[in-house]
Amino acid sequence: MVSQQQTKDSGSKKLGMVAPQDKSSKEMKSSKKMKFASSSAETEQTSQTTISDDSKTGRGMSTMPRVVKKKLQKLRPIVEYNKRGKGIGQAHSEMQSYIGVLARSRVPLVDKKWSQIPKDVKEQIWEAVDMAFVIGQGGKKSVLTSAAKKWKDFKSTLTRHYILPYTNDKEKLSHPPETYKFIEKAQWDAFVASRLSKDFESVHSQHAQIREKLE
C-alpha cells in the first residue's frame, strides 16, 4: 500500500515541481561568499534608513538594492581584512560603494574642505554605514576618511567633466547634470560659480603645472 506522502511526492515530480530547499542549506551556501552578523535591535531604525535619490541616477544602482535589502533583513555583512589590514572581499567592495553614494548624496556640494563640513553630517554617514556593515578594523575613522576622499573625487569629477568643458555654454551650466539629479539647483549654481572664479582658475592652473612636473 502506497502512503499519501509517497503519492504526493510522485505527483509533484510528474508536474515538474521542485521541493523547497532547506533554508539552512541556502544560508550555508551564501556564507561561503560573505559572512553576516544579525541583530534584532535594529529593526525600526534600519527600516527608516534610506538612500538619497542617488539610486535613481545609475550611480551605485547595482550595489544599493543589495545593501538596503540586507539592512531590512537585519543582516550586516562582516568586512574582512588581509594581514596588512587592507579591506578585501565583496563586503568591503559593497561598503565602499555605499560610502560613495552617501558622500555624494548627503554631503552638501560646497566649495569647502572636508574639515569644514558639519559634524552631524559626518555622523549620519558613519551611523548609516555602521548600521549596514560590521566594519571591524579602522572603524569610524576609516569610514569617514573614505567618505572624505570620495566627496573630493566627486567634486573633481563634476569640475572636470561637467563644468570646465562648458565654460562658454551658460545653458549647459544652468542646471545639474542628468546623471546627478539629486543635486539641488542652488548648490549647483553656487558650486559652478566657485569653479569659474579667478581664484579657482589660478589654483587649478598651479595644480596642473605640478601634475605635469610629476609626470
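What percentage of the 215 residues of the protein counts as buried? The figure is 32%, where buried means under 20% relative accessible area, exposed means over 50%, and partly exposed lies in between (1.4 Å probe, protein chains only).

This is a predicted model, in which local features need pLDDT of at least 70, side-chain atom pairs count only at pLDDT 80 or more, and totals for chains, interfaces and linings use all residues. Residues are numbered from 1 along each chain as its sequence is written, and side-chain values use heavy atoms, with hydrogens and water left out.

**The whole protein**

Begin with a cartoon view of the entire chain. The secondary structure comprises nine helices and four strands; helices (H or I, at least four residues) and strands (E, at least two) are DSSP runs, numbered from the N terminus. Along the sequence, the order of these elements is α-α-β-α-α-β-β-β-α-α-α-α-α. Next, display the surface. The accessible surface comes to about 14500 Å², and 52% of it belongs to carbon and sulfur atoms; such areas come from the Shrake-Rupley method with a 1.4 Å probe, and for residues only the protein chains shown count as cover. Among the contacts in the protein with a separation of 6 or more, 69% are between residues 24 or more positions apart, contact meaning heavy atoms within 4.5 Å.

**First stop: K74**

Select K74, in the loop between α4 (64–72) and β2 (75–77). K74 counts as partly exposed because its relative accessibility is 25%.

Select V101 in helix α5 (residues 89–106). With 0% relative accessibility, V101 counts as buried. Now select I125, which is 24 residues from V101 in sequence and 9.9 Å from V101 in space, C-alpha to C-alpha. I125 is one of the buried residues of α6, which also include V121, W126 and V129.

Beyond its neighbours within four places in sequence, T157 is in contact with Y162 and Y180.

Two packed helices are described by the angle between their axes and the distance between the axes. The axes of α7 (residues 139–163) and α8 (residues 185–195) come within 11 Å and cross at roughly 75 degrees. These axes are lines fitted to C-alpha atoms, for helices over the stretch in contact, and angles run from 0 to 180 degrees between N-to-C directions. The two helices are therefore roughly perpendicular to each other, a term for angles of 65 to 115 degrees.

Show side chains where they meet: K155, L158, T159, Y162 and I163 in α7 contact W188, F191, V192 and R195 in α8. These residues divide into six nonpolar, one polar and two charged. Ala, Val, Leu, Ile, Met, Phe, Trp, Tyr, Cys and Pro count as nonpolar, Asp, Glu, Lys and Arg as charged, and the others, Gly among them, as polar.

**Last stop: K172**

Select K172, in the loop between α7 and α8. K172 counts as partly exposed, at 41% relative accessibility. The C-alpha atoms of K172 and Y162 are separated by 8.5 Å, and these residues are 10 apart along the chain.

Technical notes
Angles under 35 degrees count as roughly parallel, over 145 as roughly antiparallel, 65 to 115 as roughly perpendicular and the rest as oblique.
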